[in-house]
Amino acid sequence: MRFSTRLLHWFYQLSWKKVIGLSLFLLIVVMVPISIQVANNRTRTKSEAALIQPSVQPVTTAFQTPTGPPKIYLVDHFFGKVGDSVLIHGENLGGLHQQSSVVLAGQKISEENLVSWTGKYIEFKVPANARSGRVEINILGQRTSWPGIFFVTDDSVQTEINLNKSNSDPNLANLTGTNLEGGQELLVWLLIINGDGELKLTAGSGLTMTQTTMSLPLGKIYEVKLGLGKNLTQLLKVEKNDIQVVGIARAELSTGDGRLIPLKVNPLYVSF
Amino acid sequence: MEFELNQETEVSEISWKLVAGLKMAVIVGIILVAGLGFAWQKRNAEINQARTRTGFGSLINQADGAILTIPYQQTLYKHFGNAINPQVRIPVKTITGYKKIEFLIDSGAVVSALPKTMAEQVGVNLSELPRITIEGFAGQKTFAYRGEFVAMIGDEETVIPVVFSENPQASNILGRIGFFDQFNIMFDAQDQSIIISRKK
């Protein structure tokens with residue numbers, strides 16, 4: 001009888017119980033060298049960090065006990081869509097606390113729209129259904145507000161001012177306006193974000209201009225008031241030096257009866 | 001009569017061989033299934049963690065095909081001497097067609113970043129994008145706008161999430177979201193090159 005036939009016959013005579021038993025025995029025999037091989041292999045499974053379930057990012061806060069009354073230097077940017085981040089720069093802002101709050105146009109910013117809160121700045125997201133208005137803070141019972149107006153923008157806001165950098169001179173920009181019809185006076189804060197020195201400001205033709213300066217910890221601010229005439233596009237020529245970075249920090253366009261027209265800045269032209 | 005008997009013998013011989021073969025197959029099958037299961041488990045454990053699924057096919061062919069190989073770029077630093085710069089030049093879809101742009105591969109960056117001046121080139125209106133803040137090296141907050149761009153990596157178009165930074169000094173960075181989670185990036189010290197391959 002041939003070997004193969006004998007082997008087949010041997011298998012045929014094995015009971016099913018023995019077949020299962022033999023399988024398990026062989027499995028164990030095979031697993032021993034495989035396990036040794038696996039154990040000796042380099043593995044990438046040392047860290048189980050990725051097994052940790054993702055959780056909602058909490059409000060970043062580092063409570064710094066206020067040493068005086070709270071101050072707001074700047075609401076940056078002074079405009080934004082629903083969901084956009086806004087930074088309130090100031091001093092003695094404390095940190096996230098049950099007795100502290102941020103209010104936009106009379107509406108308290110809920111914790112889910114707060115991103116971070118430290119002694120020097122508060123970051124929040126413009127909530128749904130937010131309205132344009134003043135930004136106020138209440139730090140452990142002490143209140144203050146920013147003198148400017150925060151504008152909640154959407155597609156309906158077409159009034160825009162931009163700092164357009166000159167193609168020939170990187171230190172020169174023109175403050176231009178779009179759809180400023182109806183406006184009589186434009187108030188603009190130009191902030192020197194980087195560098196020292198003065199700015200040279202020249203009003204567009206047919207416009208009247210008054211300017212004052214103030215120094216904030218963030219930089220020097222030029223407050224410019226432009227009396228608008230028929231020229232509603234070429235508003236102001238701004239000249240800086242090589243190391244300075246200048247941005248629009250606040251803008252308000254008012255009508256003859258003191259009403260404010262919502263406006264925005266294209267992010268590409270908010271600074272130069 | 002004799003013919004019928006032979007037939008019966010032949011049939012019974014075939015049937016016992018079948019049974020024997022079946023028993024052999026059961027033994028081999030059990031070992032094979034258990035062995036493959038063990039190996040599969042091991043491979044899943046290796047890559048484990050983040051929702052990676054792998055089939056038996058990948059056990060047989062685990063070699064990832066490189067779709068882009070970039071030679072190392074060296075910079076001679078005054079303080080440190082020669083060091084590799086993980087910089088790649090990849091074609092990015094702009095309003096005037098594909099344009100090669102240099103990026104720094106940065107696994108420390110959550111998301112890819114471009115300066116805001118690039119937004120116009122890639123056909124993006126920043127006013128329509130959500131504004132966020134990003135933190136720089138010294139913890140300085142800068143505004144940025146969350147969008148995406150299309151890059152040609154290898155021979156396939158890939159949409160990569162990006163933030164357009166208001167910081168005029170911002171570098172072009174390829175970060176984790178959309179890049180490190182779609183591609184395998186290997187720094188091959190032997191070949192002095194960065195090898196990018198599509199994840200399996």
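**Legends: chains A and B of a predicted model**

**View 1. Two domains of chain A.** The centres of domain 1 of chain A and domain 2 of chain A, taken over C-alpha atoms, are separated by 25 Å. Domain 1 covers 60–152 and domain 2 covers 160–269, with bounds from an automatic or database domain assignment. This is a predicted model, in which local features need pLDDT of at least 70 and side-chain atom pairs count only at pLDDT 80 or more, while totals for chains, interfaces and linings use all residues. Residues are numbered from 1 along each chain as its sequence is written, and chains are lettered from A and ligands numbered from 1 in the order in which they are written.

**View 2. Contact between the domains of chain A.** Ten residues from domain 1 of chain A and twelve residues from domain 2 of chain A take part in the contact (C-beta atoms, placed from the backbone, within 7 Å). On the domain 1 side, strand β2 (residues 71–76) of chain A gives the largest share, three residues. That side has six nonpolar, three polar and one charged residues (nonpolar: Ala, Val, Leu, Ile, Met, Phe, Trp, Tyr, Cys and Pro; charged: Asp, Glu, Lys and Arg; polar: the others, Gly among them).

**View 3. Strands and helices.** Chain A has two helices and 20 strands, and chain B has four helices and twelve strands (DSSP runs: helices H or I, at least four residues; strands E, at least two; numbered from the N terminus).

**View 4. Burial.** Buried residues make up 30% of the 272 residues in chain A and 18% of the 200 residues in chain B (buried: 20 or more other C-beta atoms within 10 Å of the residue's own, placed from the backbone).

Note on methods:
Buried ≥ 20, exposed ≤ 12 C-beta atoms within 10 Å, placed from the backbone. Contact = placed C-beta atoms within 7 Å.
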